[in-house]
Amino acid sequence: MLARLTRRRSAPSDGEQPLYRPLGSTGPLKTLMKRYYLVTKAAPRVGLKTAWLTSGAPVELPLSMGIIPQYPENYGALCGARRVSVELCQAAEARGYSPDLCSYARNDLGSIFAPDRAPLKGLSRPDVLIACNNICGTVTKWWEHLAYHLKVPLFMLDTPFTEGERPPHLIDYATRQVEAMIPFLERHTGRRFSRRRFARVAERSSETIRLWNDCLDLCTAHPSPLNSADRFLVMAPVVTIRGSRSALGFYRTLKREVVQRIERGEGAILREERTRLLWDNIAIWYDIFGLSARFAGTGAVFPVDTYTSAWTGIIDGREKRDPARGVARVYSDIYLNRGIDSRLQIMERMIRRFDLDGFVLHSNRSCKPYSLGQQVIRRELSQRTGKPGLVIEADMVDSRHYDSRRVPSQVAAFLEVLQ
Amino acid sequence: MYAMASPPFDRIVGLGRDPIESARQLVHGGHRLLGLVCPNLPEELPHALGLVPFRVVVRPTPPTRSPEVLQTFCCSWVQALLDQAMRGELAHLDAITFSGNTCDSLQNLPDIWRRTVERPAQLHTLRLPVVNQGELALDLLRAEIRQWQGWLERLAGSALDRSRLRASVLLFNRIRAALRQLQRMAIEGRLPYSLVQAAAISAQTHERAEIADLLDAAVEVARPWSAGRARDEESKARVVLAGGCLDDLRLIEWIEQHDAAVVGDDGCALSRSFEPEADLDPQDPLEEMARRHMRRSRCPVQSQSAVTRAAALSQKIQRGEAQGVVLLPYKGCEPHAFDNVILAETLDQLGVPHVTLEIEPHLGNWGQITTRLEAFLEMLSDDGELYGDTEVS
């Protein structure tokens, strides 16, 4: 996928000058993710145990037990970028799944029903399923269906959504579930949990996230060293294998490159940076560089977004003595598991800190928790910051909901106002 | 067919047909109403504090205001609810309690509400566990109910009196028992199911002491009617309904007017609101409220609900000797849309015909719904002719 995307992003059209500065780290990223998918495909054949996880599930636990993690959401992004999601979604729809359901879910279920149409013939069959509803309620149902179709045991980590302050009983509730996940994994995989190994993985995970946070934070620089499309690609390891040595190594490499770009005064795009914007919501995977180019062509970049900032929680020093509580706190507190007040605060802070001129909200029909509320967010965020916002209607992988004529004209009009 | 023109039935159907109007009258009569956005919230607690629990029912009108803030892919029920609130039609409520940790459309609704609705302005969210088993879920419920109690006491301006709570528990037990009796009679063909629907709606929206008396009276009036399904009922197509709140009486009434009978349901605000059989123990009501939630039929927002719902549905089919099932998910409701796949697959395995009709709370696609329903009922009926009359004289 990465090779194809990299080719697509760097290829100028109609003899125009290239828009993007090639990111050297995509080389090691390609190698790393290729290895990751090779390992996950080979795992069952060599007797390794695998787990499917939601993107917001605590991967540190299975990783420390030698269980290979796999991510249907990450796989959905891959299918979306390869533009095969519509076909997979249709395979799920043919089995009775409503076209109104989340397209990651339909893509994933479709890859099970029609593996011949799926890249890599789908993910490897898991030994266990681990879902956490900190990202949405959809995963509660989606993973129930995975358990039903695959006949694989499911662990559901319930981290209730909170509008304001999170009361202590909710952390207790999540902590006890994290503790219960250990015997569940031991029972169903035969792998033993070791506190020492877990502490090591948690430490590496925290270190990886610190480096990732640094890379994100460095985008406050003018010009921004990374664009949102860059971050959407290089986020893959922090989502899938944070806690592994390979992920840690990759983010050290990435950070070096980002720092170097800043020292040289090099921005993510090869145009003069004229407009700085915030991106909200999941990427539009099938048009990730096409859309980005519409902005970049006029000198507009996205130095920050709410999506790639979702994997930034760190288990702190005190919590290392009670890692289950640390995991519970970090995973309960992610961006999408908090109310609109909290999201507005974060976005307002981003607009000020990254010195932005406006914001773009992707109204993603497949992600209701992210998208419902965007109309009030747009109004209030503009009032608070004085910056204009644009709402783009689309879907993260189901391109049938993307108006490829309307969106570019909306973007052009918005940029005209800004510039 | 039934001696339905008697006072308790008239009143029950009237209340069930327009619960919002009856709520207004309650407010006019000096009652304070607490809106509940889900039938899974324990009503006894606000009732014991002198509030009338009003399970929010949406009016059958298409949304005009909520599209300003909610996208079209939002659940149609949530759209309708916010629309009603934005138009000021819920201003008579003192406050609202949402059920939290449920679906993605409801998740951000309280925050959107605070920014778009003037009254009611006091909101609380009671979080329910999505994995409905074990001590963990019970502990969450206990903590959430305690927190809700504090909020309700501040709202009511008085502390919870245990003896009043016990009295409320007994009253609600009585109401649920009467609803179950009426439902049994409807399954046996002695009452139209639309009456059970009206009774269930009014039992979640009206002043409970009056409802308890009305339901008891209705049971007494209906008791002498002959047991067993009447002969003319035998030829009717019998169906079980499964879906969301099903607050509009028109749908079941339409089925009954078309020579068919509803003999059971798996509706969120219908039979699942008064099942299971076991009532609350008044000796320790707060603990019992948490435990009752665990005993209830799984709600579609919960994990692993579909298989248990499918098993419950097949029991309802057997009990009512139903010939088919009508699945009625609300447009945009993800939990029901997911569950329906497994429900439909189970029904296929059982050889039970079924039809899925995606509906909106205001039944906007009424013509399409009734056309498909008519075809389905025709297919089920004993003397149904699927291919039309071909006799040429």
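In the predicted model, the two chains meet across an interface in which 51 residues of chain B are in contact with 52 residues of chain A. The area buried between chain B and chain A amounts to about 4,400 Å², and carbon and sulfur atoms give 56% of this area. On the side of chain B, the residues that lose the most area to chain A are F73(B), R115(B) and F338(B), which together account for 18% of what that side buries.

Polar and charged pairs also occur between the two chains. Between chain B and chain A, 28 residue pairs are in polar contact, with both residues at pLDDT 80 or more. The side of chain B that touches chain A draws at least two residues from each of α5 (104–107), α6 (109–116), β4 (122–127), α7 (134–156), α15 (305–320) and α16 (334–350) of chain B. When the residues of this side are sorted by class, 24 are nonpolar, 13 are polar and 14 are charged. Side chains of opposite charge can pair when their charged atoms come close. Seven salt bridges are found across the interface of chain B and chain A; one of them joins D339(B) to K141(A), with the closest N and O atoms 2.9 Å apart.

Over all chains, the structure holds 56 salt bridges. Among them is a pair within chain A, in which the side chains of D172(A) and R325(A) meet with an N to O distance of 2.6 Å. Because D172(A) lies in helix α8 (residues 168–189) of chain A and R325(A) in helix α14 of chain A, this pair ties together parts that are 153 residues apart in sequence.

The largest pocket holds about 570 Å³ of space. It is lined by 21 residues, of which S309(A), T312(A), I346(A), R349(A) and M350(A) are the closest to its centre. The elements that give two or more residues to this lining are α9 (195–217), α14 (323–332) and α15 (340–353) of chain A, and the largest share, four residues, comes from α15(A). By class, the lining of the largest pocket comprises 10 nonpolar, five polar and six charged residues.

Most residues other than glycine have a negative phi, and most peptide bonds are trans. In chain A, the peptide bond from H222(A) to P223(A) is cis, with omega near -5 degrees, and P223(A) is found in the loop between α9 and α10 (228–234) of that chain. In chain B, a cis peptide bond joins R119(B) and P120(B), with omega about 0 degrees; P120(B) is placed in the loop between α6 and β4 of chain B. A positive phi of about 55 degrees is found at K121(A), although this residue is not a glycine, and K121(A) has its place in the loop between α6 (103–113) and β3 (128–132) of chain A.

Technical notes. Residues are numbered from 1 along each chain as its sequence is written. Chains are lettered from A and ligands numbered from 1 in the order in which they are written. This is a predicted model: local features need pLDDT of at least 70, side-chain atom pairs count only at pLDDT 80 or more; totals for chains, interfaces and linings use all residues. Side-chain values use heavy atoms; hydrogens and water are left out. Contact means heavy atoms within 4.5 Å. Buried area is the accessible area (1.4 Å probe) that two parts lose on being put together, summed over both. A salt bridge is a side-chain nitrogen of Lys or Arg within 4 Å of a carboxyl oxygen of Asp or Glu. A polar contact is a pair of N or O atoms within 3.5 Å; within protein, one must be able to donate a hydrogen and the other to accept it, and residues adjacent in sequence count only if both atoms are side-chain atoms. Ala, Val, Leu, Ile, Met, Phe, Trp, Tyr, Cys and Pro count as nonpolar, Asp, Glu, Lys and Arg as charged, and the others, Gly among them, as polar. On a 1 Å grid over the protein atoms alone, a cavity is a set of points where a 1.4 Å probe fits but cannot get out, and a pocket is an open set with protein on both sides within 12 Å along at least five of seven lines; lining residues have an atom within 4 Å of a point. Grid points are joined across faces, edges and corners, and a volume is the space filled by probe spheres set on the points.
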